Amino acid sequence: MDFSESIPNNPRGWVISKQILRSGTSVGAQYREARRAKSNADFISKLEGSLQELDETLYWLELIEESKLVAHQHIDTLKNETGQLIAIFTTIVKKVKKY
């Protein structure tokens with residue numbers, strides 16, 4: 001959420017900051033829903049929704065990086081964290097699908 005405020009206050013920045021704020025916060029909401037799933041299939045579905053939002057967040061981070069809206073060092077940390085969450089959620093989904 002703090003990162004979205006570091007994006008420049010101009011038309012390009014408005015669009016991208018709203019998109020990254022929406023996708024980034026949606027990950028947590030969907031993960032929270034997954035924890036309250038009624039079945040393994042429901043859990044997987046909700047966690048896969050989180051994975052889609054993580055992928056979208058990564059897209060917006062890459063777009064910000066390529067457009068040079070924000071310094072690279074800030075983006076690199078967030079891209080790394082996003083990649084780690086993708087790896088964790090993917091591992092969880094794979095393990096649950098085995099059972």
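A salt bridge is defined here as a side-chain nitrogen of Lys or Arg within 4 Å of a carboxyl oxygen of Asp or Glu. The model is predicted, so local features require pLDDT of at least 70 and side-chain atom pairs count only at pLDDT 80 or more, whereas totals for chains, interfaces and linings use all residues. Residues are numbered from 1 along each chain as its sequence is written, and side-chain values use heavy atoms, with hydrogens and water left out.

**View 1. Salt bridge between E56 and R22.** The count of salt bridges comes to 5. E56 forms one with R22, the closest N and O atoms lying 2.3 Å apart. This pair links distant parts of the chain, 34 residues apart: E56 belongs to helix 3 (residues 40–67) and R22 to helix 2 (residues 11–35). Helices (H or I, at least four residues) are DSSP runs numbered from the N terminus. E56 is partly exposed at 24% relative accessibility, and R22 is partly exposed at 38%. For these classes, buried means under 20% relative accessible area, exposed over 50%, and partly exposed in between (1.4 Å probe, protein chains only).

**View 2. Salt bridge between E48 and K97.** The side chains of E48 and K97 meet in a salt bridge with an N to O distance of 3.0 Å. E48 lies in helix 3 and K97 in helix 4 (residues 72–98), so the pair ties together parts 49 residues apart in sequence. E48 is partly exposed, with a relative accessible area of 31%, whereas K97 counts as exposed at 52%.

View 3. E65 forms a salt bridge with K79, with 2.8 Å between the closest N and O atoms. The two residues link distant parts of the chain, E65 being in helix 3 and K79 in helix 4, 14 residues apart. E65 is buried at 16% relative accessibility, while K79 is partly exposed at 23%.

View 4. E53 is found in helix 3 and is buried, its relative accessible area being 13%. Contact is taken as heavy atoms within 4.5 Å. Not counting residues up to four places away in sequence, E53 touches R22, S23, S26, V27 and Q30.

**View 5. Packing of helix 2 and helix 3.** The axes of the two helices, helix 2 and helix 3, come within 8 Å and cross at roughly 155°. Helix 2 is therefore roughly antiparallel to helix 3, a term for angles over 145 degrees. Axes are lines fitted to C-alpha atoms, for helices over the stretch in contact, and angles run from 0 to 180 degrees between N-to-C directions. The residues of the contact of helix 2 with helix 3 comprise 12 nonpolar, 9 polar and 6 charged. In this grouping, Ala, Val, Leu, Ile, Met, Phe, Trp, Tyr, Cys and Pro are nonpolar, Asp, Glu, Lys and Arg are charged, and the others, Gly among them, are polar.

**View 6. Surroundings of L51.** L51 is found in helix 3 and counts as buried at 16% relative accessibility. Leaving aside neighbours within four places in sequence, L51 is in contact with I86, F89, T90 and V93. The C-alpha atoms of L51 and A87 are separated by 9.4 Å, the two residues being 36 residues apart along the chain.

Methods: Angles under 35 degrees count as roughly parallel, over 145 as roughly antiparallel, 65 to 115 as roughly perpendicular and the rest as oblique.
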